[in-house]
Amino acid sequence: MLRFAGAVLTVFLTALLPGANAQEGKPLPHADERYKADIMVVVAHPDDEAAVTPYLVRALDEHRRIAVVFGTRGSSGSNEAGAEQAAALGDVREIEARSALETLGINNVWFLSGKDTATQDVLVSLGNWDHGETLEQMVRLVRLTRPEVILTFLPGTFIGEDHGDHQASGVLATEAFDLAGNPAVFPEQVASPMKRLEPFLENLRPWQVKKIYYFPDADRQDIFRGRGPSYAVKDVSRLSNKPYWRMALDAFRAHQTQAKSYLDKIAQMDEAQIEKMATSEDGWGEDQHFVLGKSLVGGSVTGDIFEGITPGAIPYARQETAPEPARPDLSVELGGPWSFYAEFRRAHGLTNLPHPEPPEIALEGPGTLVVPLRIRNQTAKAQEVTLSATLPAGWTAENGTGKFTVAAKQTSAARVEVNLPAPADKPEKKAEPQEVTVRAEANGQIIGEVKLRVELRKRALPQ
Ligand SMILES: [Zn+2]
């Protein structure tokens, strides 16, 4: 009897113990480890990867897994290797970029559906890239490759190549950094299928990247120094016994459509000549510098890129927006990409990101400089505002100066257009940027001034 009671008790307890009789839970299928990356590089065009390949070779020495994302296939520009143009050229350049990276052993390579945009204006590039669609692609690739760190172009406008597409790749990478860990963003990407062979839900997991670093597309580098780690590129790779810069140059040889004449010249040289040319003139031998955008895992500003990073996922970090700056009731500021970037830095926790002050741009002369302005009137009555420009000798204000009225509680857009002369034919020294000042006055008082430093060039991308 006692033995029977014991048996009953066992049955009773078994029924109470949760899950004791339940089916065994099936673990979720694992993500595909072949695509797990430590570093994700996000650039715009085939050949842009060369901006960081000398560092990537070092990272490969340290057994880092690398993924590279290109914003476009590089379908504009001239073709130095063949007749193919436009979309056909883009197809060729995709293969060139894959071959270049394959040379280094990197095949985790992806392309967004952005289109080449010949402008310095990031907003035009983002428009031409179908910003929403390419951001969705970017977030998907972060969730798929689960990088620890993103390296990308610094989003900002500078005197330099200042390509709007380069800037757009940095904008998308930053947005994806802040969004990919949020399960409410593009939820169809992280939804698990409820039916077998569900064709629309992607079964990815949210992924929070731990750090983001930038490399600037600017001529003047002083404001970026000391804002992140630097790496020598003349060190010798354990993998190949060649210096890092030399492996990067070897990889670059795939870019025939963009650089055949340069590559042919190198092919004629012996090793000593290549070293002399590449490390003195071409910048291949220059140290690589990065700017720390943000870290969610601590580490010092100039410490190694992987300082503070330990394996495994970290929780999603919701980005707080910095408060709007206080403005007087009547104010003027630069509009266009400049006001976008001010908002962007506030929205993404990047208010410490270096940017030139006053803002700067290089433009082709003869040509036109457009100074976009936003004039805010928070007073209760309409205000008459007078715009005037102080310009370098030989530069003239064509449009946009003079008086106009801004209604009460309104923000007005205005633009001052400046005629730019041709740059000096044979300048005695390198042309210095010139300062353009637009002044806004109301009620006999200056309400604000906007300054831009403008360098005149024979050739530059359109503003
Ligand atoms: Zn480029």
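Student: Which element gives the largest share of the lining of the second largest pocket?
Tutor: Helix 11 does, with seven residues. Before we go on: this is a predicted model, where local features need pLDDT of at least 70, side-chain atom pairs count only at pLDDT 80 or more, and totals for chains, interfaces and linings use all residues. Residues are numbered from 1 along each chain as its sequence is written, and side-chain values use heavy atoms, with hydrogens and water left out.
Student: OK, and what counts as a pocket or a lining residue?
Tutor: On a 1 Å grid over the protein atoms alone, a pocket is an open set of points where a 1.4 Å probe fits, with protein on both sides within 12 Å along at least five of seven lines; lining residues have an atom within 4 Å of a point.
Student: What volume does the second largest pocket have, and which residues lie nearest its centre?
Tutor: Its volume is about 560 Å³, taken as the space filled by probe spheres set on the points, with grid points joined across faces, edges and corners. The lining has 25 residues, and Leu334, Trp338, Ala342, Arg345 and Glu357 lie nearest the centre.
Student: Which elements give two or more residues to that lining?
Tutor: Strand 9, helix 11 (336-347) and strand 17 (445-457). Helices (H or I, at least four residues) and strands (E, at least two) are DSSP runs, numbered from the N terminus.
Student: How many helices and strands does the chain come to?
Tutor: Eleven helices and 17 strands.
Student: How many bridges join strand 9 to strand 11?
Tutor: Five, and strand 11 covers residues 367-377. Serine 331, for instance, has arginine 376 in strand 11 as its bridge partner.
Student: Switching topic: is strand 4 buried or exposed?
Tutor: Five of its five residues are buried, so strand 4 is largely enclosed by the rest of the structure. Buried means under 20% relative accessible area (1.4 Å probe, protein chains only). Across the chain, buried residues make up 47% of the 463 residues.
Student: What does strand 4 pair with?
Tutor: Strand 1 (residues 39-43) pairs with it in the parallel sense over four bridges, with isoleucine 39 opposite valine 149. Strand 5 also pairs with strand 4 in the parallel sense, over five bridges, and there phenylalanine 153 stands opposite phenylalanine 215.
Student: How many aromatic pairs does the whole structure have?
Tutor: A search finds 13. Rings of Phe, Tyr and Trp (its six-membered ring) pair if their centres lie within 6.5 Å; planes under 30 degrees apart count as stacked, over 60 as edge-to-face and the rest as tilted. Phenylalanine 158 and phenylalanine 224 have ring centres 5.4 Å apart and planes at 85 degrees, so that pair is edge-to-face.
Student: Where do phenylalanine 158 and phenylalanine 224 lie?
Tutor: Phenylalanine 158 is in the loop between strand 4 (149-153) and helix 6 (164-179), and phenylalanine 224 is in the loop between strand 5 (211-215) and strand 6 (230-231), so the pair ties together parts 66 residues apart in sequence. Phenylalanine 158 and phenylalanine 224 are buried.
Student: Which residues do ring pairs link into a cluster?
Tutor: Tyr55, Phe153, Phe215, Tyr231 and Phe290.

Terms used: Pairing = 2+ DSSP bridges. Buried < 20%, exposed > 50% of the residue type's maximum accessible area, 1.4 Å probe, protein only.
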